[in-house]
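Reader: I have a structure open and I'd like to go through parts of it. Can we take it piece by piece?

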Amino acid sequence: MTTTTLKEPLRGSPAGAATREPRRRTGRIRRAGLPYLLLLPALILELLVHLVPMVIGIVMSFKELTQFYIRDWGTAPWTGLGNYKVSVDFDAPVGEALLHSFFVTVAFTLLSVGLCWLIGTAAAIYMQDTFTGRGLLRALFLVPYALPVYAAVITWVFMFQHDNGLVNHVLHDQLHLTDKPSFWLIGDNSFYALLTVSVWKGWPFAFLIVMAGLQNIPGELYEAAALDGAGMWQQIRRITLPSLRPVNQVLLLVLFLWTFNDFNTPYVLFGKSAPEAADLISVHIYQASFVTWNFGTGSAMSVLLLLFLLVVTGVYLALTSRGRRTGDV
Amino acid sequence: MRSIRAAAVGAVTVSLALAATACGGGSSNGGGSNDSPKTLTYWASNQGASIAVDKKVLQPELDKFEKQTGIKVKLEVVPWSDLLNRILTATTSGQGPDVLNIGNTWSASLQATGALLPWDAKNFAKIGGKDRFVDSALGSTGAAGKDPAAVPLYSMAYALYYNKQIFADAGISKPPATWDELVADGKKISAKGKSPLGAEGSNLSENIHHVFVFAKQHGGEFFTADGKADFTNAKVVDAVKQYVDLMAKDKVIPTGDAEYAQNQSVSDFAKGKQAMLLWQSASANLKSQGMSPDQYGIAPVPVQSGTPGTGTQVNSMVAGINLAVFKNSHNLDGAAKFVKFMTSDAEQKILNTAYSSIPPVRTAQTDAAFNSPANAVLKDTLAKSAAALPQVADESQFETAVGTAVKNLFADVAAGRAVTTASVKAALEKAQQQMPAK
Amino acid sequence: MSKSPMAPPSSFLWSRRVFLTLLTGFVLVPVYVMVSSSLKPLADVTGKFRWLPSGLTIRPYIDIWSTVPLARYFANSLIVAGAATVCSVVIAVFAAYAVSRYSFRGKRVFTVTVLSTQMFPGILFLLPLFLLYVNIGNATGIALFGSRGGLILTYLTFSLPFSIWMLIGYFDSVPRDLDEAALVDGCGPLGALFRVVVPAAIPGIVAVAVYAFMTAWGEVLFASVMTNDTTRTLAVGLQGYSTLNDVYWNQIMAASLVVSVPVVAGFLLLQRYLVAGLTAGAVK
């Protein structure tokens, strides 16, 4: 990430200090404390809203927090690793369902991130040159991303209905591609429904970031390549794509984390009990905690999820930053 | 090295902050009090066509209550999708309403949290005694042998609503009394190009209500006498299969209904696309969708052929809404007064008329307003052939687990997969294993 | 703008035409469905789908305000998202300035920690956060749970990590000579920040603000647990159109459009800044 490439920062300012001799001491103290003071609001809020609740969540994962104890969870009995054992016992239904949900989420995330990136990058590259209607098209392409999640997803629910939806109307009634109308919101097809919505909503973000990334590629590179006789496609392959690498590293990671943790899309699309084929882990955990009233097990599952994401992010950053360093040399 | 030390400092800070703010652990829900005798907060469930309609129905009554007692009631109508979550969070935090509506099937589950005021003899005395309520409604207010966790407010029962015109067109003279008749009638109706029966295949609660009744008709129970989950006994499996077979084998429920979860089957019925509907107290609902009462008839829900037959065999759950008081209310006396007010004969008549439900209060039930043919069927069902859903602490998990199993079975049918006794049993087996271990 | 001095080959032009046409269709169809359905009578949207309405009506746009108290939800969302955005941007500017311009102990820990909160599953801290708010409320009398304040606090931290990170990148791109000059001129560090760095970073700040606003405007999970009737926001309130009775699809679409217009319009108006902000900030 960018933090690793920060330049050595400004260390006070000798000139400024020299001109104000009498206030030198206080100035130095203020300067030493200032960055912390500036960080304080952000720090307090992150502690309050993210870190402390996360620690409480970890504590909860070691408790038997069922309906009998939620009223005063301080008195809930400790279960040690009990909740974790239940969650990772892949031979028993709870663990098996969690594992299934995990695989569904991984498959969904990889496909969704891949497609978002592909479409976003292709669109950004195709729209690099000016042509008539480019501005309009760019605005239009950003609409799905700008729409509030609820509004966007509920529209897709409307379109995916079995009897009255647009999708079946087009595929079955108008194009006659299927023998009979398909179900999109239940059963196996729900995976593709979820994927479609996720890509529709997510690709403009990739488009936006890649578009910004493209503007940082110096024009001389292209000119040099053109002098060497490289055609348009070769320029894209040899200059554009490699130059986008640092951008892609961050983009893919952010997309991955957002998609993997996405709750709003499946929740609005399927409601409280998602079909098995589209049982994303966030909704699965929500169901494990809120619908069956077992917040201990739910917390244990969340902690496992967090650990997984930590490992993935760590490995990803280690791999990409090494690649990046050698690339820079 | 430096960053490791800094990380350690960060970790310590976090745990200190945790110790300072959170180790209170949940909330110290002491008992209630009468600290704020002038106000009450009331969460009402969404009973009418919309939240706005509910407010229109309830607000004048709350004003009446304020005039009588000087207590101002702050009303919030909570949508069904949010209600249970809101109750759960209120339970966890101790910050909730004083008085609230709960689905009566949740009574035992919520009772187990200990957040609701138990209605012992003393509390019942404040509202005129337990005897004012009919037995069927009291049967769904908490686990047996414990003081009820809530008081019945509105009672409802399932009935078979049928479209008179479609029946006449198909040459059917009277509504089916048994499932065999219903299936036979369904063939005639299908031949006329209408769909016979509606269902909400993706609605977990609806699924539970129906398979519960089918299980009763097969003589099966989802829970053993000592409260253990027993979803895989042959009778329950047969019952669930019979319900799913209405779509799979008998083809009286269209496969499209497998994805219904938002009462689309009611609108299909109201629009005259579908001949029959199994629903609880649908009159007000149908009216608001423009279907006039003379267009449809109401009959008891069908039963199995043979003995014991219509009228005695269970053909509905005891549906309804209960009124509960949060134990840590700051206006316990006011809450009791409010419950008394809401269950008074006069209010029972007004409210149950507005929601086309049946008053669970004996004296109110005899009022002429509840003698219409529609209400007669519902009243009769409640009195003779309705059974309460299992009053066990795990009821809410049961609804989720088995309701989802039935939903998945419907999805299988919709996808064209066969539904066999074995596949039904497997689905129920899985549901059972998701229940909390005892 | 044109990067290549050569004219693009026809294979490029053709594939571009095909690709962009398909993509436009993919993007446009749901938008069209949303707009057209919001103008249809109820019978049209509860029956078989039709591309063209049987008749146009603005009835849904009138009914949406009475079916649910949409105006109140709207006001709540505006207050919550607006306040969360302002606070988030101000706090992010301070934090990013500190990281960008100073070297201090714990800097790396801070940035890594803040960024890592992006990977927390919301579901993990939903209930704990809720308990924390309730406890703070009990201890101090500050009502966080159920209030707009609690929601503002929550949402602003959702956008904070990404905002800080983007602004660090952007501030790094503002030449240091500028604020050094300001310091020489007698400005304090904060003076340098507000007189020099912030004005130079406006595109980045706008981009961050847009992101923060959108995050707060559309959030469903926390809003559904942490609000009540009086503080409910749009994202949750919209669910009120699926009632016991019927699903008023035309009203859902009309309401969805109404709540989308402010964000989409704002987003499109500011997109130029957004791209500029991202170019200098995030993707450097």
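This is a predicted model: local features need pLDDT of at least 70, side-chain atom pairs count only at pLDDT 80 or more; totals for chains, interfaces and linings use all residues.

Reader: Start with E5 of chain B. Is it buried or exposed?

Author: All six of the six residues of strand E5(B), residues 158-163, are buried, so the strand is largely enclosed by the rest of the structure.

Reader: Which residues point which way from E5(B)?

Author: Tyr158(B), Leu160(B) and Tyr162(B) point one way, while Ala159(B), Tyr161(B) and Asn163(B) point the other way. Both sets are buried.

Reader: And what does E5(B) pair with?

Author: One partner is strand E7(B), residues 274-280, in the antiparallel sense over five bridges. There, Ala159(B) sits opposite Trp279(B). Strand E8(B), residues 296-299, also pairs with E5(B) in the antiparallel sense, over four bridges. In that pairing, Leu160(B) has Ala299(B) as its bridge partner.

Reader: Why does Ser281(B) count as buried?

Author: The cut-off for buried is 20 or more other C-beta atoms within 10 Å. Ser281(B) has 23 C-beta neighbours inside 10 Å, so it counts as buried.

Reader: Switching to sheets. What is the strand order in the five-stranded one in chain B?

Author: The order is E2-E1-E3-E10-E4 in chain B, the sheet is open, and the pairing is mixed. Its edge strands are E2(B), 72-78, and E4(B), 151-156, each of which pairs on one side only. From one strand to the next, the twist averages 20 degrees.

Reader: How do E1(B) and E3(B) pair?

Author: Strand E1(B), residues 39-45, and strand E3(B), residues 99-103, pair in the parallel sense over two bridges. Trp43(B) stands opposite Leu100(B), which is in E3(B).

Reader: Which helix lies across those strands?

Author: Helix H3(B), residues 80-93, lies across E1, E2 and E3 of chain B. Relative to E2(B), H3(B) runs at about 120 degrees.

Reader: Now H17 of chain B. How do I check its length?

Author: Helix H17(B), residues 395-414, has 20 residues, which at 1.5 Å a residue should span 28 Å. The C-alpha atoms at its ends are 28 Å apart, which agrees. 20 of the 20 residues of H17(B) are buried, so the helix is largely enclosed by the rest of the structure.

Reader: What follows H17(B)?

Author: Gly416(B) follows, with a positive phi near 85 degrees.

Reader: On to chain A. What about H8 there?

Author: Helix H8(A), residues 190-215, has 26 residues and should span 38 Å at 1.5 Å a residue. Its end C-alpha atoms are 38 Å apart, which agrees. Of its 26 residues, 21 are buried, so H8(A) is largely enclosed by the rest of the structure.

Reader: Where is the kink in H8(A)?

Author: The kink is at Gly202(A), about 30 degrees, shortly before the proline Pro204(A).

Reader: Last topic: how many residues does each of chains A and C bring to their contact?

Author: Chain C brings 93 residues and chain A brings 93 residues. On the side of chain C that touches chain A, the elements giving two or more residues include helix H1(C), 10-38, helix H4(C), 70-101, and helix H13(C), 249-280. H13(C) gives the largest share of that side, 15 residues.

Reader: What kinds of residues are on that side of chain C?

Author: The side of chain C that touches chain A has 65 nonpolar, 19 polar and nine charged residues.

Technical notes:
Residues are numbered from 1 along each chain as its sequence is written. Chains are lettered from A and ligands numbered from 1 in the order in which they are written. A residue is buried if 20 or more other C-beta atoms lie within 10 Å of its own, exposed if 12 or fewer, and partly exposed in between; C-beta atoms are placed from the backbone. Two strands pair if DSSP finds at least two bridges between them. The expected span of a helix is 1.5 Å times one less than its number of residues. The bend at a residue is the angle between axes fitted to the seven residues ending there and the seven starting there. Axes are lines fitted to C-alpha atoms, for helices over the stretch in contact, and angles run from 0 to 180 degrees between N-to-C directions. Two residues are in contact if their C-beta atoms, placed from the backbone, lie within 7 Å. Ala, Val, Leu, Ile, Met, Phe, Trp, Tyr, Cys and Pro count as nonpolar, Asp, Glu, Lys and Arg as charged, and the others, Gly among them, as polar.
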